[in-house]
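I opened the model and kept notes as I went. The entries follow the order in which I looked things up.

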Amino acid sequence: MSVDAVRAYLTPFGLADKVQEFSVSSATVELAAQAAGVIPARIAKSLSFKVGDRAVLILAAGDAKVDNQKFKAAFHTKAKMLTPEEVTGLVGHAIGGVCPFAIKDTTDVYLDQSLRRFDTVFPAAGSASSAVELTCDQLEQCAQNFQGWGDFCKGWQSQP
């Protein structure tokens, strides 16, 4: 998948023009924050897990960490991150550009409540040098295979 696929996916939502491509890497939370000119917490990082034979993407604030107990309570299994190969195979994007747009049907998408602190957040847009600025409502409306909001993370509550 690619930035072009993400742009095409976002077109029916009227959001394709919000995709930003950078001349520098945005493959990590820190790099993405620098590229977008925002604090790291506003980066909507995509955390990829395996649950049964499916991928589960949890989009969380850049300063949040998955809470293993909350994950197990929600998905009835231990949190097991996907390998880079599994991410590409099950989700359709390579590490660094994983996002909830233009993904494979083998992926379910959840949004973590840590994102709701911000007016807008920045998920990746299909490459390791792209992002798209969206409100949480826009993210919810256009996230493919969206399953719901949840409380999956820790470590962000004391952050601004």
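**Entry 1**
I started with β5 and β8, which pair in the parallel sense over four bridges. I am working from a predicted model. Next I asked for the strand order of the open sheet. The sheet has five strands in the order β6-β2-β3-β5-β8, and the pairing is mixed. Which strands stand at the edges? They are β6 and β8 (146-150), and each has a single partner strand, so one side of each lacks a neighbour in the sheet.

**Entry 1. β5 and its two faces.**
I moved inward to β5 (107-112). I counted burial: six of the six residues of β5 are buried, so the strand is largely enclosed by the rest of the structure. In general, side chains in a regular strand alternate between the two faces of the sheet.

**Entry 2. β3 with β5.**
I then checked the other partner of β5. β3 and β5 pair in the parallel sense, over five bridges. I looked up two positions. Alanine 55 stands opposite threonine 107 in β5. Leucine 59 has leucine 111 of β5 as its bridge partner.

**Entry 3. β3 with β2.**
How do β2 and β3 run relative to each other, parallel or antiparallel? They run antiparallel, and eight bridges join β2 to β3 (residues 54-61). Again I took two positions. Valine 51 stands opposite arginine 54 in β3. Leucine 47 has isoleucine 58 of β3 as its bridge partner. The hairpin of β2 and β3 has two residues between the strands, and glycine 52 in it takes a positive phi near 65°. I also checked burial in β3. Seven of its eight residues are buried, so β3 is largely enclosed by the rest of the structure.

**Entry 4. Helix α4.**
I listed the buried residues of α4 (residues 84-91): Val87, Leu90 and Val91. Why do they share a side of the helix? They cover an arc of only 90° around the axis, which puts them on the same side of α4. I then looked for what covers these residues. The cover includes β2, β3 and β5. Just after α4, glycine 92 has a positive phi of about 110°.

Most residues other than glycine have a negative phi. I looked for exceptions and noted two. Alanine 102 has a positive phi of about 55°. This alanine 102 is in the loop between α4 and β5. Alanine 102 has a relative accessible area of 11%, under the 20% cut-off, so it counts as buried. Asparagine 145 also has a positive phi of about 55°. Its place is the loop between α5 (136-142) and β8. At 23% relative accessibility, asparagine 145 counts as partly exposed.

**Entry 5. Lysine 18.**
I turned to the loop between α1 (3-10) and β1 (19-21), where lysine 18 is found. Is lysine 18 buried or partly exposed? It counts as partly exposed, at 34% relative accessibility. I set aside neighbours within four places in sequence and listed the contacts of lysine 18: Ala131, Val132, Glu133, Leu134 and Gln138. I also took a distance. Lysine 18 and isoleucine 43 are 25 residues apart in sequence, and 15 Å apart in space from C-alpha to C-alpha.

**Entry 6. The largest pocket.**
Last, I looked up the largest pocket, which has a volume of about 380 Å³. It is lined by 23 residues, and the closest to its centre are Ala27, Thr28, Lys45, Ser46 and Gly96. Which elements each supply at least two lining residues? They are α2 (29-36), β2 (43-51), β6 (122-123) and β7 (130-132). The largest share, six residues, comes from β2. I sorted the lining by class and got 15 nonpolar, seven polar and one charged residues.

Notes
Residues are numbered from 1 along each chain as its sequence is written. This is a predicted model: local features need pLDDT of at least 70, side-chain atom pairs count only at pLDDT 80 or more; totals for chains, interfaces and linings use all residues. Side-chain values use heavy atoms; hydrogens and water are left out. On a 1 Å grid over the protein atoms alone, a cavity is a set of points where a 1.4 Å probe fits but cannot get out, and a pocket is an open set with protein on both sides within 12 Å along at least five of seven lines; lining residues have an atom within 4 Å of a point. Grid points are joined across faces, edges and corners, and a volume is the space filled by probe spheres set on the points. Ala, Val, Leu, Ile, Met, Phe, Trp, Tyr, Cys and Pro count as nonpolar, Asp, Glu, Lys and Arg as charged, and the others, Gly among them, as polar. Two strands pair if DSSP finds at least two bridges between them. Buried means under 20% relative accessible area, exposed over 50%, partly exposed in between (1.4 Å probe, protein chains only). The arc is that of the directions from the helix axis to the C-beta atoms. Contact means heavy atoms within 4.5 Å.
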